[in-house]
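Subject: Structure for your files

Hello,

Please find the sequence and the structure below. My notes on what was found follow directly after.

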Amino acid sequence: MPRMRKKADLPTKICAACGKPFAWRKKWERVWDEVRYCSDRCRSEAKRPGKAS
Ligand SMILES: [Zn+2]
C-alpha cells in the first residue's frame with residue numbers, strides 16, 4: 001500500500017460542488033465543520049442556479 005503522506009495528517013472532505021477531496025486549510029481552522037466547498041469558486045458556483053435540469 002503506497003503511503004502518500006503529506007506534511008501532516010490533515011482532515012479532508014469532499015467538495016459539494018466539484019466532488020473532489022480537499023484538505024484542511026489554516027483559514028478554515030475555526031469553521032471546518034461548516035466548510036463544504038474546496039474553494040471560493042466552487043462555493044459561488046454551487047450557490048448560483050447554473051445547472052438547469
Ligand atoms: Zn470544489
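Both Cys15 and Cys42 are buried, where buried means under 20% relative accessible area, exposed means over 50%, and partly exposed lies in between (1.4 Å probe, protein chains only). Before the rest, the conventions. This is a predicted model, in which local features need pLDDT of at least 70 and side-chain atom pairs count only at pLDDT 80 or more, while totals for chains, interfaces and linings use all residues. Residues are numbered from 1 along each chain as its sequence is written, and side-chain values use heavy atoms, with hydrogens and water left out.

Overall layout

The chain has 1 helix and 2 strands, arranged along the sequence in the pattern β-β-α. Helices (H or I, at least four residues) and strands (E, at least two) are DSSP runs, numbered from the N terminus. Of the 53 residues in the chain, 15% are buried. Among contacts in the chain with a separation of 6 or more, 9% are between residues 24 or more positions apart, a contact being heavy atoms within 4.5 Å.

The zinc site

The zinc ion has Cys15, Cys18, Cys38 and Cys42 as its protein donors, each through SG, at 2.3 Å. Donors here are N, O and S atoms within 2.8 Å of the metal (3.2 Å for Na, K and Ca); water is not among the atoms, so sites may look incomplete. Along the chain the donors follow the spacing C-x2-C-x19-C-x3-C.

The arrangement is tetrahedral because the 4 donor atoms subtend angles of 100 to 116° around the zinc ion. The rule applied is that four donors count as tetrahedral if all angles lie between 85 and 135 degrees; four count as square planar and six as octahedral if opposite donors are over 155 degrees apart and all others between 65 and 115, and anything else is irregular. For reference, the ideal angle for four tetrahedral donors is 109.5 degrees.

The relative accessible area is 3% for Cys15 and 9% for Cys42. Cys18, at 36%, is partly exposed. Cys42 and Cys18 are 24 residues apart in sequence, with their C-alpha atoms 6.8 Å apart in space. Setting aside neighbours within four places in sequence, Cys42 contacts Cys15, Ala17, Cys18 and Tyr37. The structure holds 0 disulfides, a disulfide being a pair of cysteine sulfur atoms within 2.5 Å.

Salt bridges

How many salt bridges does a search of the whole structure find? There are 3, each defined as a side-chain nitrogen of Lys or Arg within 4 Å of a carboxyl oxygen of Asp or Glu.

- Asp40 with Arg43: the N to O distance is 3.1 Å. These two are 3 residues apart in helix H1, so about one helical turn separates them. Asp40 is partly exposed at 47%, and Arg43 is partly exposed at 42%.
- Arg41 with Glu45: the N to O distance is 3.0 Å. These two are 4 residues apart in helix H1, so about one helical turn separates them. Arg41 is exposed at 61%, whereas Glu45 is partly exposed at 42%.
- Lys26 with Glu29: the closest N and O atoms are 3.2 Å apart. Lys26 is exposed at 57% relative accessibility, whereas Glu29 is partly exposed at 41%.

Pro11

Pro11 sits in the segment before S1 and is partly exposed, with a relative accessible area of 36%. Not counting residues up to four places away in sequence, Pro11 touches Phe22, Ala23, Trp24 and Trp32. Its C-alpha atom is 9.1 Å from that of Arg25, which is 14 residues away along the chain.

Regards
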